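Hi,

Here is the structure I said I would send over.

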Amino acid sequence: MKENNRTLWERRYQRGEGMVRYPFDSVISFVNHRFKNRDPKKIKILDFGCGPGNHLVYLVENKFDAFGVD
């Protein structure tokens, strides 16, 4: 029986396959440049297409009010 994409993705996600663990340098650079000298708690950021949430982890750890949608 051929596996559907959702089942395949769920199995790979549970094993941690293909997941990026750290945010991309370009995202870190953009956030640091764009919001320099501002209180991150007052900044809402939507990570659209967040995947496993590697950018969300970075944003939340740096006190941004961050949300993700995949």
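Predicted model: local features only at pLDDT ≥ 70, side-chain atom pairs only at ≥ 80, totals over all residues.

Residues are numbered from 1 along each chain as its sequence is written, and side-chain values use heavy atoms, with hydrogens and water left out.

The protein has three helices and two strands, in the order α-α-β-α-β along the sequence. (Helices, H or I with at least four residues, and strands, E with at least two, are DSSP runs numbered from the N terminus.)

As for shape, the C-alpha atoms fill a box of roughly 55 × 20 × 15 Å along the principal axes. The radius of gyration is 15 Å, whereas a compact globule of 70 residues would be near 11 Å (taken over C-alpha atoms; the globule rule is 2.2 Å times the number of residues to the power 0.38).

Buried residues come to 23% of the 70; buried means under 20% relative accessible area with a 1.4 Å probe, protein chains only.

Now to helix H3, residues 54-61. Its buried residues are Asn 54, His 55, Leu 56, Tyr 58 and Leu 59. They pack against helix H2 (25-34), strand E1 (44-48) and strand E2 (65-69), with contact meaning heavy atoms within 4.5 Å. Just after H3, Lys 63 has a positive phi of about 75°.

Cheers

Key
Buried < 20%, exposed > 50% of the residue type's maximum accessible area, 1.4 Å probe, protein only.
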